[in-house]
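Colleague: Please take a close look at one part of this model for me, namely how its pieces are divided and how they pack against one another. I would like one connected account that I can follow with the structure open beside me.

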Amino acid sequence: MAWLEKHVPKMVLAPSFAVILFFVYGFIGWTAWVSLTRSRLLPRYDIVGFIQYQRLFDSPRWDTAISNLFIFGFLFIVISMFLGLFLAILLDQKIRTEGMLRTIYLYPMALSLIVTGTAWKWILNPGLGIEAVVRGWGFENFRFDWLINPDYAIYTIVIAGVWQASGFVMALFLAGLRSVDDEIIKAAQVDGIPTLRIYSAIIIPSMAPIFLSAFIVLAHLAIKSFDLVIALTGGGPGYATDLPATYMYALAFSRGDIGQAASSAMVMMMVVFAIVVPYLYSELRAKND
Amino acid sequence: MFTRTTFAAATAALLMTGSAAMAGPKAEVLHWWTSGGEAKAVAVLQKEFADNGGEWTDMPVAGGGGDAAMTALRARVLSGNPPTAVQLKGPAIQEWYAEGVLADISDVAKAEGWDKILPPAIAKHMKCDGKWCAAPVNVHRVDWIWANADILKKYNIKMPTTWAEFNAAADKLKAAGVTPLAHGGQAWQDATVFEAIAKGILGADGFRKAFVELDTATLTSDKMIAVFDQMRKMRGYVDDNFSGRDWNLATAMVMNGEAAFQIMGDWAKGEFMAAGKVPGKDFLCGATPGGGFLYNVDSFAMFKVAGADRQAGQKLLAKLIVGKNFQKVFNLYKGSIPVRTDVSLDDFDVCAHKSAADMAAASADGSLLPSYAHGMALRSAQSGAITDVVTAFFNSDMSSADAVKALAKAVKNSL
């Protein structure tokens with residue numbers, strides 16, 4: 001009986017553990033192996049070294065994809081966090097219609113990124129959307145053609161992404177704001193400290209864990225972004241808005257270049273690790289202390 | 001007791017006829033012809049197969065211009081159970097052969113005399129190591145230029161026969177406020193225009209050197225710079241909203257008189273026809289300047305399958321695909337022309353007649369060329385690398401000299 005009590009949890013968890021071990025870590029290992037081969041249409045298993053990684057870093061399209069990831073990731077995370085925090089603070093002023101406003105701001109999160117992307121594609125299309133409307137008002141020289149301008153197209157993805165995610169970040173921060181101890185705030189108010197300073201010196205610093213979770217959620221959204229790009233720009237104009245995920249898909253499924261796709265998947269995974277590992281490390285260390 | 005035995009015998013007899021019927025030719029066919037005219041075209045083949053006693057298992061996988069079907073194919077081949085026949089084309093056939101999974105259908109080809117009725121340049125694509133491993137279905141011409149007849153008449157413009165003429169006509173139209181070129185800013189459409197220009201400026205030999213042999217000297221030659229210069233000119237002839245536009249919407253622009261020309265393969269003809277437009281009257285078709293003929297040949301590759309019934313199905317399918325009746329009916333639906341040269345073209349339109357005549361002429365003088373943009377000339381990794389450069393050039397202000405350098409580098413990187 002005692003033996004059972006001790007081992008039942010392990011036995012219950014074992015199948016899912018085995019499945020994850022195989023389907024997640026097993027296939028990470030498989031991808032790593034294939035990325036070292038000359039696989040084309042079908043996977044091959046004779047290792048030839050780092051040739052696929054050399055090809056990857058020689059490819060101007062991959063350069064574009066990686067630099068797009070950093071532009072998109074940075075702006076998406078920073079603007080979403082800033083807007084989310086700002087909206088949360090505004091909503092936190094004990095206003096009457098808070099419930100309704102909160103729902104409205106949170107609503108974009110309920111949409112699929114494909115829907116967001118398609119809607120923004122029409123809104124940003126110079127011949128149909130904002131540019132056409134403003135020109136229709138009589139401003140004939142108004143230009144807003146970021147969607148078809150290869151230098152600016154990546155920013156349209158930031159716009160759509162921020163629209164989608166900032167409501168969610170707002171909800172996170174709103175919960176955080178509510179969890180700050182009322183007593184401290186009241187004490188500060190009694191001392192006559194201005195509201196702005198209460199926020200900057202007391203409330204926001206005490207929400208550090210929320211910032212971290214928001215950052216992790218947004219960062220992984222940014223790295224795995226695929227559907228938004230496909231729906232909004234299709235990676236174009238040219239390949240100006242390619243991200244590593246769309247690059248990998250194109251190489252694996254349209255180009256029959258599995259080895260190259262595997263190497264790009266490995267690089268993507270390393271980028272994710274570079275962000276997640278420090279987070280896990282700090283979390284675990286905090287618990288051990 | 002007696003009745004029971006009779007019953008058992010009757011059942012056994014029934015089962016036997018049943019299994020005899022099951023042993024007829026069988027084919028499981030993987031394809032991505034699922035839209036309107038294409039689906040009708042496939043139904044023709046299905047019916048003909050059934051009429052000859054065959055049992056057809058349809059395996060349509062739509063999506064991504066065949067990408068989804070290729071993924072399904074990979075899974076089936078890796079699990080050791082490939083379909084009987086798969087819609088494949090160009091060097092992809094030889095690539096799959098190199099993986100050791102294609103069957104040999106040379107006996108059908110010999111019996112039907114394929115060597116005599118197919119243009120040699122196209123027959124070459126159907127052979128793996130000298131053995132026949134695929135059956136051709138149709139010939140799409142890629143280097144067409146479609147024009148709105150009313151616009152051309154109004155501005156007194158003739159179908160261009162040189163790129164200089166095209167530029168002069170386009171400048172004239174642009175000055176008059178008409179969009180000269182309907183174009184969709186998708187990589188494969190950029191590549192389609194690019195290869196039409198390359199065919200005109202490089203000539204047949206230059207095109208073959210550049211896009212079949214990937215000869216570095218040709219890829220970086222002054223002529224290739226001239227190709228990119230013309231491409232840069234084309235960029236000035238498209239409207240502002242071309243990014244991401246689908247090809248059929250660009251065709252509709254020509255149809256509705258919003259644009260004068262479109263450079264696109266003959267599947268665009270299907271769009272005109274579906275809208276009730278008459279070739280030669282409402283719209284004009286002409287070859288892009290510079291001679292030659294760029295083909296995109298659809299075909300079915302035959303995979304190694306086990307079982308006499310499936311092998312018989314494979315051979316029957318191959319025979320029917322190249323058969324005269326199917327070649328005619330299918331291509332009337334699809335907008336392409338028959339791949340064999342001895343099919344009567346009486347029911348076809350003027351554009352198809354021109355296509356067939358040009359193909360025969362090109363086949364005779366060696367300028368029958370595989371389309372690189374549609375996967376007939378190169379492995380997809382290589383053609384994709386070229387398309388990346390073309391589309392990056394078309395959508396930026398890269399200089400032509402930089403473009404040929406990038407082209408040479410991309411080709412080297414893709415090998």
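Modeller: The domain bounds used here come from an automatic or database domain assignment, and what you are looking at is a predicted model. With that assignment, chain B is divided into domain 1, made of residues 26–141 together with 297–353, and domain 2, made of residues 149–295 together with 373–414. The C-alpha centres of domain 1 of chain B and domain 2 of chain B are 29 Å apart, and where the domains touch, 16 residues of domain 1 are in contact with 17 residues of domain 2. On the domain 1 side of that contact, two or more residues come from each of helix H4 (91–98), strand S6 (134–141) and helix H17 (350–365) of chain B. Sorted by class, this side of domain 1 holds 7 nonpolar, 5 polar and 4 charged residues.

Staying with chain B, an open sheet of 4 strands can be traced in the order S8-S9-S7-S10, with mixed pairing. Its edges are strand S8 (179–181) and strand S10 (283–287) of chain B, each of which pairs on one side only, and from one strand to the next the twist averages 20°.

Helix H10 (residues 187–211) of chain B packs on helix H18 (residues 380–394) of chain B at an angle of about 90°, and their axes are 9 Å apart. Angles of 65 to 115 degrees count as roughly perpendicular, so H10(B) is roughly perpendicular to H18(B). H10(B) brings B:Ala187, B:Trp188, B:Asp190, B:Ala191 and B:Phe194 to this contact, while H18(B) brings B:Thr387, B:Val390, B:Thr391 and B:Phe394. By class, the contact of H10(B) with H18(B) has 6 nonpolar, 2 polar and 1 charged residues.

In another pair, helix H13 (residues 247–255) of chain B meets helix H14 (residues 267–274) of chain B at an angle of about 55°, with their axes 10 Å apart, and H13(B) and H14(B) are therefore oblique to each other. Their crossing is right-handed. Here B:Asn248, B:Thr251 and B:Met255 of H13(B) face B:Ala268, B:Glu271 and B:Phe272 of H14(B), which gives a contact of 3 nonpolar, 2 polar and 1 charged residues.

H3(A) passes H7(A) in a right-handed crossing, and the residues of their contact are 21 nonpolar and 5 polar, with no charged ones.

Technical notes: Residues are numbered from 1 along each chain as its sequence is written. Chains are lettered from A and ligands numbered from 1 in the order in which they are written. This is a predicted model: local features need pLDDT of at least 70, side-chain atom pairs count only at pLDDT 80 or more; totals for chains, interfaces and linings use all residues. Two residues are in contact if their C-beta atoms, placed from the backbone, lie within 7 Å. Ala, Val, Leu, Ile, Met, Phe, Trp, Tyr, Cys and Pro count as nonpolar, Asp, Glu, Lys and Arg as charged, and the others, Gly among them, as polar. Two strands pair if DSSP finds at least two bridges between them. Axes are lines fitted to C-alpha atoms, for helices over the stretch in contact, and angles run from 0 to 180 degrees between N-to-C directions. A crossing is left-handed if the near helix is turned anticlockwise from the far one by less than a right angle, and right-handed if clockwise. Angles under 35 degrees count as roughly parallel, over 145 as roughly antiparallel, 65 to 115 as roughly perpendicular and the rest as oblique.
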